[in-house]
Amino acid sequence: MGYDYVIVGDGGHVPRGFGGVQSRDTGDNMMDITMDGPALVLHGDFDVRSTFMVRTAIYERLEGGEQDVIVDMTEVDTIDVTALRVLAVATRQASRSGHLLTLRNCGPSVRRMMHISRLAHSFYVEREAASA
């Protein structure tokens, strides 16, 4: 499970050997985006302050050509409506270009916000395996 590179706050790519995980700190907000194969793995608070960085990362993946995009939300602490709208628009754009944007491992707080915002129908959320 190695990460290829880290996307930092300005949208630039930093090779893995340069000081470990890079993050964008905007006051009390921390957002990291790492790449794990076809997945963008988000870490931290996904809100209005980090939407530009996430949107840029998603669209770079979509413009990359032939692969679908997975957004792994396992480590997302909080999410707001603005962030969900960014994901909804990116999902629609991916669909228009013949790709699929999938949300993976959405926690209870993320799912709750999807329903409260009435945007739950806007996403393809990967089904979780049933535990035995």
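Colleague: Is aspartate 36 buried, partly exposed or exposed?

Modeller: Buried means under 20% relative accessible area, exposed over 50%, and partly exposed in between (1.4 Å probe, protein chains only). Aspartate 36 has a relative accessible area of 22%, so it is partly exposed. This aspartate lies in strand β4, residues 29-36; strands (E, at least two residues) and helices (H or I, at least four) are DSSP runs numbered from the N terminus.

Colleague: What should be kept in mind about the source?

Modeller: The model is predicted: local features need pLDDT of at least 70, side-chain atom pairs count only at pLDDT 80 or more, and totals for chains, interfaces and linings use all residues. Residues are numbered from 1 along each chain as its sequence is written, and side-chain values use heavy atoms, with hydrogens and water left out.

Colleague: Which residues of α2 are buried?

Modeller: They are Ala83, Leu84, Val86, Leu87, Ala88, Ala90, Thr91 and Ala94. These buried residues pack against elements including α1 (51-63) and β6 (69-79), where contact means heavy atoms within 4.5 Å.

Colleague: How are α1 and α2 oriented to each other?

Modeller: Axes are lines fitted to C-alpha atoms, for helices over the stretch in contact, and angles run from 0 to 180 degrees between N-to-C directions. Angles under 35 degrees count as roughly parallel, over 145 as roughly antiparallel, 65 to 115 as roughly perpendicular and the rest as oblique. Here the angle is about 15°, with the axes 10 Å apart; α1 and α2 are therefore roughly parallel.
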